[in-house]
Amino acid sequence: MGVINVLETHVANMIAAGEVVENPASVVKELLENAIDAGACAVTVEIQSGGVAYIRVTDDGCGMSPEDAKTAFLRHATSKISKAEDLDGITTLGFRGEALAAISAVSKIDLITKSKTAGMGTAIYAEAGDVIRESDSGCPDGTTIIVRELFYNTPARMRFLKKDATEAAAVESVIKASALAHPEVSIKFIRDGRDVLHTPGDGVLKNAMYALFGRDFANNMKEVVCHQHGISVRGFTCTPQSSRGNRGLQFFFVNGRAIKSKMLAVALDNAYKEMLMKGRFPTCVLMLDVPPTQVDVNVHPAKTEVKFARERDVFDIVYFGVKSALEAREEKVVPPPSVPKPAPVDNVTKNQMKIDMTPPVLKLSSSPIKLEPMEMPVRTEESVISALEGMKNEKKSEKPLMMRSTYMPEYRAEPKAEPPKAPEREAFAEEKPSEVKEEKKIRLIGEAMNTYIIAEYGDSVVFIDKHAAHERIIFEKLQKNSGSAMSQILLTPEVVEFDKLSCAAILENREEIEKIGFDVDEFGDGSVVVSAIPDGIDVNDAVAVLEDLAETLRSGARTRRPDILSETMYSVACKAAIKAGQKNAPEELMAIAERVLLSDDIRFCPHGRPVMIEFSKNDLERKFKRIV
Ligand SMILES: Nc1ncnc2c1ncn2[C@@H]1O[C@H](COP(=O)(O)OP(=O)(O)OP(=O)(O)O)[C@@H](O)[C@H]1O
Ligand SMILES: [Mg+2]
């Protein structure tokens, strides 16, 4: 780090000024930032009595010369910027030359520092901002700062401090945020003589997450990587199943700086839409890399808020980055050719239960439909989807109005599904290498209330809400195929009358609507003509989807394009899904059970309701008091 200079007044005046030292956590934040800016590989933070009595931060960074060590306590003394233009492209965490002056003004400080090239270090003692003693000191390379008796000379501020435990918790949060932002730095925290946390400093974010929040937190995350328009986002976001009741574990960083941003929290929420129940929030650790010239960090005295030159691009990269991480396929189980057959169920014949699907003969309760034979040696997840497709085709074949589109039905056109590659793992040493989910048998037991599928799955009994599950399956498929969705061309195009506003709203969003299989055109006088509709729903449902959408658009509730698209998919999925109360054949129930159980993506319906409830053998034995 360069020599410390005192900024000229006009530059100093351009810096967002304000209170830097509010509590022990803000002191620790500033001292940690200085250590990281000094290029430290390892930093130890120690506090006593919530940090009010004692804070020590020791680093192995570049250290300071004897002159710099004294200058550092002056206001606007910094080595990180020197002129006004430097404020336009800040690459360090500090830049104001404010922190040490502000901290030393309200405490008693010991500074011990030595640069690598100096033979001898320097020790300085300052009280209320004045250097009282200075001497040579034999010490290791790097810097130690000890802050004692915080606010000893400002009793009014002392009164605002909270209980030691609360202040200590705030210190811990600040340390965790810094440790996540800089996994390349090993950070250790000692509280009242007890080791609280210690990150490895190996540069692997997942390992830092593991050290800070434990194995479950680290393992229930999906990796996010997205680059666009010179901006990138990387990090992790949680699976919908591991959401929380508050936003406490949402971490956003911009160029290594922890920031608070409502805009990024909204982008995150939007990416999880239809996946979380009300009152549940995702957790995330997301690092944005934005060219320093496009982000202004000089907007908030505590440097915790930033302003982006291209806010929309930043929103989009977080939204799409997280969304595609959530949609990325899990390690899928590809069951061997001999998928266990369901056990006979009372009211069906053996033949009806045979669903090995070579050739795939699917039967509906009333009229069986035979598909062209095809080679399906392995029952993959895709083939299970095809079975579900079969149900929808069957339904459709009853409608004389329609014909199949010129698009090839998916189960004929699709090449053999390849098992997806396992994601790369930054595994922890003790973890087993890339494992394939253990194969568990699925046995259909039956259905309750024409609504809940009951199946035995390995050592568990599961209840699946068939409508919710099917709705999600269709929704996933629509999302996956968005842009190349299958349509059904209507023999007789349907004219739908709207009022003029709704009609305009529909036509304005035509591009989005057509991504999922609609073909709509203006018909004059507030009407649109619909000549193709998404595969799998009937005309009346398709019209209802358009009417719902027109209502949503007219009410102005949603204006973002991704919302319009997912809103429409969601409406199509709801209309196309089998309904609770409807009778279904065991093959259909089995196909749904397999699709749900053999992969992890069908866990919540698009409204966020759970799709499945599972009772393990253990749960049942406890309930029956076989075990305690
Ligand atoms: N741990 C450290 N190791 C080496 N140099 C340090 C350390 N802490 C402070 N310094 C030096 O002291 C200067 C003043 O630090 P201070 O924190 O007051 O200001 P800053 O980091 O430049 O800006 P800000 O007020 O935004 O933090 C820094 O610019 C840096 O040169
Ligand atoms: Mg600083």
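Which hand does the crossing of α9 and α10 have, left-handed or right-handed? The crossing of these two helices is right-handed. The model is predicted.

**Ligand 1: surroundings**

- Ligand 1 is surrounded by 22 residues, and the closest are T78, S79, K80, R96 and E98.
- Sorted by class, this shell holds 9 nonpolar, 7 polar and 6 charged residues.

- An oxygen atom of ligand 1 lies 2.8 Å from a backbone N or O atom of L100.
- For A99, a backbone N or O atom is 3.0 Å from an oxygen atom of the ligand.
- K303 takes part through its side chain, where an N or O atom is 3.0 Å from an oxygen atom of ligand 1.
- On its own, ligand 1 has 590 Å² of accessible area, and the protein covers 99% of this.
- Two or more residues of the shell come from each of α2 (24–37), β4 (77–78) and α4 (99–105).

**Helices α9 and α10**

- Two packed helices are described by the angle between their axes and the distance between the axes.
- Helix α9 spans residues 262–271 and helix α10 spans residues 311–327; their axes are 8 Å apart, at an angle of about 35°.
- On the α9 side, the contact involves M263, L264, V266, A267, L268, N270 and A271.
- On the α10 side, the residues are E311, V314, F315, V318, Y319, V322, K323 and L326.
- The contact of α9 with α10 comprises 12 nonpolar, 1 polar and 2 charged residues.

**Helices α14 and α19**

- Helix α14 (residues 466–481) crosses helix α19 (residues 586–597) at roughly 65°, and the axes come within 10 Å.
- The crossing of α14 and α19 is left-handed, whereas that of α9 and α10 is right-handed.
- K466, A469, H470 and I473 of α14 make the contact with L589, I592, R595 and V596 of α19.
- By class, the residues of this contact are 5 nonpolar, 1 polar and 2 charged.

Methods:
Residues are numbered from 1 along each chain as its sequence is written. Chains are lettered from A and ligands numbered from 1 in the order in which they are written. This is a predicted model: local features need pLDDT of at least 70, side-chain atom pairs count only at pLDDT 80 or more; totals for chains, interfaces and linings use all residues. Side-chain values use heavy atoms; hydrogens and water are left out. Axes are lines fitted to C-alpha atoms, for helices over the stretch in contact, and angles run from 0 to 180 degrees between N-to-C directions. Helices (H or I, at least four residues) and strands (E, at least two) are DSSP runs, numbered from the N terminus. A crossing is left-handed if the near helix is turned anticlockwise from the far one by less than a right angle, and right-handed if clockwise. Contact means heavy atoms within 4.5 Å. Ala, Val, Leu, Ile, Met, Phe, Trp, Tyr, Cys and Pro count as nonpolar, Asp, Glu, Lys and Arg as charged, and the others, Gly among them, as polar. A residue is near a molecule or strand if one of its heavy atoms lies within 4 Å of it. A polar contact is a pair of N or O atoms within 3.5 Å; within protein, one must be able to donate a hydrogen and the other to accept it, and residues adjacent in sequence count only if both atoms are side-chain atoms. Accessible areas come from the Shrake-Rupley method with a 1.4 Å probe; for residues, only the protein chains shown count as cover.
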